[in-house]
Amino acid sequence: MTNQTKSRFSLGGSPAGLSNPRFCSLTLVVTLIASGTVCGIAQQQPAETNTQQPAGTNAQQPAAAQAAKKAPETKPATPPDGKTVGNYRVHQMVELGGRIAERSGSIPMWATMVNQTTGFRVLAQSLDMHSMNTSKTPFFDVLTTNSYGYGGDPYNGSYLNASKGRWWDFAGSFRRDRNYFDYNLIVQPNLTTATVINPPLVLTPSTLHIFNTVRYNTSTLLTLFPVSRVHARIGYNHGTHEGPTYSTIHNGGDVQLSQWFRNSLDTYVGGIDVNVAKRTTLSYDQFLGFYRGDTSWHLAPTPFVLRTTTTPVSLGVTVLTGPTNTGGQACAGNMAVVNGVANEFCSGTIQQSWTAPSRTSFPTEQFRFVSHYWDRVGMNGRFAYSGGVNNINHFNETFNGLVSRSFTRQEIFTGALANGRLAHNKRINVNADYNVGVELTKFLSITDTFNFWNFRIPGSNAVSAQVWAGTSSTNPPNLNMLTPLSQVPVTTTTTTNTGYLAQKNTGNTILAVASVTSHFKLSGGWRFNDRQIKFGTDPTLVWHQNWALVGAVIQPSQIVRLNVDYEGMSSSSANSATPTNTYTREAPNNIQHIVVRTLVNPRKWVSLAGAYNGYYAKNDDPLVNHKAHNNNVSFAAHLIPAETLSLDFNYAYEEAYSRTDLCYQFTANPQAPLPPGAVNAGTCTAANGGGSGFYLGNGYYNSPVNFFLGGANWAPKKYLNLYGAARVTHTNGSAEMLNPLMQTGALGSTVVDPYVDVQVKIAPEWWWHGNWEHHGYNEFGGIGPAPREFHGDIYTLGVKYAF
Amino acid sequence: MHRDGPFTRMPEVATPPIRQGLLVFLILLFAVAFCTSRAIADPPQQGSPAQAKSGQAAPASDEYVGQDTCAGCHEEVVKGFATNPHTRLAEMHGKTGVTCESCHGPGKAHVDGGGDVAKIFNPAKATAKEVDAKCLSCHRGQHSNFEHTAHGEGNVSCLGCHNIHKAAETGPLLKATQPTLCFECHTDVKPEFNMPFHHKVEEGLITCSDCHDPHGTFNRKNLRASTQQDAVCTKCHVETAGPFVYEHAVVKTEGCVACHFPHGGPNPRLLNRANVNTICLQCHSPSPNFTTSQPLGPAHNQAVQYQSCTICHTEVHGSNISAVFFATQ
């Protein structure tokens with residue numbers, strides 16, 4: 001955690017408690033293990049003399065055949081590298097050390113992009129255990145584990161894999177990532193200009209939506225009888241994302257909130273695969289997902305207090321200050337805060353709290369099958385049904401303060417359903433996919449893929465609102481933040497609302513593949529998609545999308561491969577209720593996408609790769625004029641000219657471009673003149689739904705990026721390894737700026753990261769490790785509220801013990 | 001290091017009886033399956049694709065020579081195989097199961113021919129189709145989409161990513177670890193993970209296979225899906241999944257990539273524009289025929305405050321309280 005992120009909010013928690021589905025899951029696990037154990041004991045058979053061959057053959061192997069194995073010369077298997085510990089061959093490595101981080105420049109940006117600190121670390125750890133005699137290792141034959149980054153790195157993880165022959169496989173992982181974000185150009189409220197009346201507003205050096213959260217993910221999967229005709233799997237995944245953040249709310253003023261962000265997802269997986277026939281497998285998976293959303297808010301710390309009290313009060317993120325003490329007077333024409341004391345007659349917030357615990361269950365059933373029963377026909381498919389249910393329980397939102405424009409003194413909102421429930425939502429999802437491929441001849445095959453995806457989301461809420469508000473500026477008289485609630489009329493209302501969103505995609509892709517020669521393969525096909533969307537009470541909108549697919553693989557030898565793939569899409573309205581060719585303005589109704597990749601290995605020690613990825617899209621609605629393209633040209637080389645030397649080189653140029661007609665409001669003033677070329681035209685005119693104060697913009701965005709990476713690894717001696725590299729990412733972009741104080745920020749930036757790594761063997765099995773990384777970030781646009789450049793060096797020193 | 005958070009509580013809805021019955025059925029199904037001793041003891045009889053296609057009879061048992069014979073010439077390869085997951089094949093059939101010859105075919109002719117390379121299946125010399133057929137003869141159940149998706153159709157073949165005998169990552173037998181392996185061909189993606197704001201793939205926290213299944217899926221770009229069959233992004237960014245009373249329709253219909261770069265970009269929060277307002281106004285501008293332009297966006301003076309739409313419209317992925325995604329009613 002960085003110096004400025006020393007938040008030590010303790011984590012609350014609700015009491016633990018088992019519940020039926022989890023108990024059932026545990027019962028399932030116990031039953032499976034017990035069943036497997038019983039059956040495993042029952043299946044302890046002596047070595048058979050007449051056994052069938054393993055996968056790939058159908059032949060028997062009578063005992064007489066054993067004699068053939070003795071000629072020619074045979075050698076007993078030699079053990080792999082490592083040390084013998086008991087019945088295991090063991091490799092182990094542990095590296096301990098520390099990092100020293102020195103930085104200058106923007107601390108928030110260092111924390112956002114690098115977030116490395118000084119301190120002791122468990123830099124890395126690994127353990128490999130392989131059984132020397134599986135009959136003497138009853139619990140596991142193979143166990144591997146590795147970890148990195150513990151002790152203070154912003155991200156760390158651990159992995160564990162274990163297996164016991166044909167009985168079980170286990171894979172588990174734990175990953176943790178600390179996210180810190182404070183990029184001050186985003187959610188910057190005070191990028192504005194002075195007006196004739198008001199002095200310039202204060203620019204906040206940080207974004208209003210800082211977050212300092214940690215994400216954890218634990219994943220486990222146990223597979224039983226992995227190589228058997230019937231095998232099963234059980235898994236559990238837990239993900240949590242939590243931590244203190246800031247948010248904002250629009251209520252009178254724009255008020256900053258302290259938000260404790262907390263979400264978690266538990267997913268249980270159970271599945272079974274059964275080989276029912278030759279090369280045919282049926283599978284069933286059951287997923288149970290449980291989501292908890294426990295994010296809550298309260299008023300963020302504020303430097304202002306009410307007159308005559310010390311009650312903290314927030315006046316919103318835009319604050320008008322001045323030297324004149326005008327407390328106790330009407331807000332209009334006077335300062336809202338003077339010397340830290342807020343005028344109680346101005347809009348302000350004394351309390352703003354929000355809690356809306358969200359609970360969602362996602363049970364999902366999935367059937368799958370795959371078959372290659374007939375040699376020339378392969379097919380696979382799946383059907384999945386998910387019925388998610390969400391409830392927002394014990395909802396409470398409380399505001400206390402003053403909203404002067406509506407004479408509101410206090411509001412309390414609660415859920416109007418039972419138990420204070422606010423909302424009840426569902427997500428019903430159905431997927432059905434099927435593919436069949438037929439090899440018509442040795443040179444020609446056809447595949448057909450059908451896809452069906454339908455989801456619908458009905459939802460409803462019921463809100464009970466208690467509002468303490470006057471009816472005019474004189475009722476009650478002199479209404480302000482200090483007015484007792486008993487003097488303010490209160491009304492209670494209950495409102496109900498519903499929402500609905502549904503989308504259905506039905507598509508089919510047919511592709512013919514011709515192996516013209518052994519070096520040249522050509523494919524061509526057509527994809528069709530029927531897309532239907534219904535939102536709320538709007539009529540169902542329908543589009544048809546047609547794709548042309550062309551591909552080629554040119555492989556003149558084992559050392560060269562060239563892949564070319566092209567797809568072109570056209571979307572059009574498909575019913576009278578759908579007046580447009582796309583659902584949204586910025587979605588394209590025409591796409592051209594070509595990807596060319598090549599891989600060349602002229603020598604064993606040379607690997608070259610290159611790619612061109614060109615994406616072109618447009619929405620040619622005359623009031624939209626959306627155009628977009630992404631062009632990427634890249635090249636990579638990996639050379640190993642000597643056993644002790646390897647070289648890496650990467651270069652890429654990527655450009656993302658987009659423009660779309662859009663409208664914005666702008667009231668020009670001497671400090672903020674109209675942007676060049678702003679006119680009330682096109683889609684912004686009143687005839688098209690706009691207005692006289694709407695100006696036509698183009699939403700222009702262009703981000704050309706040059707990326708370079710060069711590195712060399714040199715190991716001149718067995719006891720010495722050197723690695724040096726440098727990475728540069730240069731973005732020279734531009735975009736339409738609607739406000740004259742907007743900055744390009746990272747759109748015009750350079751990131752430079754050179755690094756060097758040295759490893760020296762100081763004794764048998766002992767290595768000394770040194771690493772230096774530099775992180776440099778520069779922008780060449782305007783500074784904005786505060787500079788964002790930084791430079792820093794991270795020195796890592798460690799000692800590694802490995803055998 | 002892992003701090004235990006609140007233990008997950010069940011949602012306050014009664015579990016429908018059908019769910020309990022389903023679980024009971026599964027328990028019984030597993031018990032029956034596991035206690036079928038012959039079915040569990042014997043591996044699947046897939047048969048060799050080459051044999052099945054040619055109609056040839058399976059090789060006779062005396063055409064196999066065993067791993068120890070292979071070690072006579074290929075000692076280093078056999079030595080390294082002890083750590084290979086495929087060695088479990090040797091555990092089969094009372095520990096007489098074949099390993100090398102499970103993939104390379106019977107070795108007697110190769111041995112009798114003095115190491116004649118023409119008498120043994122060499123994946124390094126085989127076509128992509130032959131390699132795929134060999135591997136999928138066992139692994140088709142796990143990777144049923146491979147042949148009809150990008151890698152299979154593109155002749156990448158299993159050996160494009162996997163090396164059975166010299167794997168850098170021994171579990172999945174990968175030639176190199178992620179993302180280095182993927183970047184060997186996908187050179188166009190590497191720069192995106194080096195842009196100022198990116199998913200931490202280069203740092204090793206996230207892998208390409210967290211979002212993409214290299215063996216193929218039914219989705220575009222081999223993307224995985226969440227367990228509830230929603231966008232794969234919601235595996236981690238679960239708070240955006242909803243469902244909500246007031247859905248921001250574009251999130252569910254156009255996908256997260258309508259507003260975000262999935263890999264990385266020069267804009268904060270991986271947005272596909274430097275200016276949040278431009279993203280919103282692209283859709284929320286007057287257009288008579290587009291229903292998604294409602295509510296209209298240009299209601300605020302861009303010359304002064306309200307610099308960012310998300311100061312007020314904070315719940316842009318969906319809300320249960322406000323149709324315009326305010327945080328309050």
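Pro179(B) is found in the loop between helix H10 (150-153) and helix H11 (180-183) of chain B. In this predicted model, a cis peptide bond joins Gln178(B) to Pro179(B), with omega at about -5°. Chain B holds another cis bond, from Gly242(B) to Pro243(B), where omega is near 0°. Pro243(B) belongs to the loop between helix H12 (208-211) and strand S2 (246-247) of chain B. Most residues other than glycine have a negative phi, and most peptide bonds are trans.

The loop between H10 and H11 of chain B contains Ser157(B). Phi of Ser157(B) is positive, about 65°, although this residue is not a glycine. Ser157(B) counts as buried because its relative accessibility is 10%, under the 20% limit. In chain A, Asn115(A) has a positive phi near 60°. Asn115(A) is placed in the loop between helix H2 (107-113) and strand S3 (119-131) of chain A. At 5% relative accessibility, Asn115(A) is buried too.

Chain B was then described as a whole. Its secondary structure comes to 14 helices and 4 strands. Of its 329 residues, 50% count as buried. The accessible surface of chain B is about 13,600 Å². Carbon and sulfur atoms account for 60% of that surface. Among contacts in chain B between residues at least 6 apart in sequence, 41% join residues at least 24 apart.

Aromatic rings were examined next. Over all chains, the structure holds 27 aromatic pairs. The ring centres of Phe649(A) and Phe708(A) lie 5.5 Å apart. Their planes meet at 65°, so the pair is edge-to-face, the class for angles over 60 degrees. Phe649(A) is partly exposed, at a relative accessible area of 32%. Phe708(A) is also partly exposed, with a value of 32%.

Tyr723(A) and Tyr755(A) form a tilted aromatic pair. The distance is 6.2 Å centre to centre, with 40° between the planes. Again, distant parts of the chain are linked: the two residues are 32 apart. Tyr723(A) sits in strand S34 (residues 720-732) of chain A, and Tyr755(A) in strand S36 (residues 748-763). Tyr723(A) is partly exposed, with a relative accessible area of 23%. Tyr755(A) is buried, at 15%.

One aromatic cluster draws on both chains A and B: Phe181(A), Tyr183(A), Phe211(A) and Phe197(B). Phe181(A) also has a charge over its ring. The charged end of Arg269(B) sits there, 4.3 Å from the ring centre. Within chain B, the charged end of Lys134(B) sits over the ring of Phe121(B), 4.8 Å from its centre.

A nonpolar patch was found on the surface of chain A. It is formed by Ile100(A), Ile762(A), Trp766(A), Trp768(A), Tyr795(A), Leu797(A) and Val799(A). Together these residues have about 620 Å² of accessible area. Strand S37 (766-779) and strand S38 (790-802) of chain A each give two or more residues to the patch. The largest share, 3 residues, comes from S38(A). Ile762(A) is found in strand S36 of chain A. Ile762(A) is exposed because its relative accessible area is 53%, over the 50% limit.

Notes. Residues are numbered from 1 along each chain as its sequence is written. Chains are lettered from A and ligands numbered from 1 in the order in which they are written. This is a predicted model: local features need pLDDT of at least 70, side-chain atom pairs count only at pLDDT 80 or more; totals for chains, interfaces and linings use all residues. Side-chain values use heavy atoms; hydrogens and water are left out. Rings of Phe, Tyr and Trp (its six-membered ring) pair if their centres lie within 6.5 Å; planes under 30 degrees apart count as stacked, over 60 as edge-to-face and the rest as tilted. Buried means under 20% relative accessible area, exposed over 50%, partly exposed in between (1.4 Å probe, protein chains only). A charge sits over a ring if NZ of Lys or CZ of Arg is within 6 Å of the ring centre and within 35 degrees of the ring normal. Patches are made of residues with over 30% relative accessible area and no salt bridge: like charges are joined within 9 Å, nonpolar side chains (Val, Leu, Ile, Met, Phe, Trp, Tyr) within 5 Å. Accessible areas come from the Shrake-Rupley method with a 1.4 Å probe; for residues, only the protein chains shown count as cover. A salt bridge is a side-chain nitrogen of Lys or Arg within 4 Å of a carboxyl oxygen of Asp or Glu. Contact means heavy atoms within 4.5 Å.
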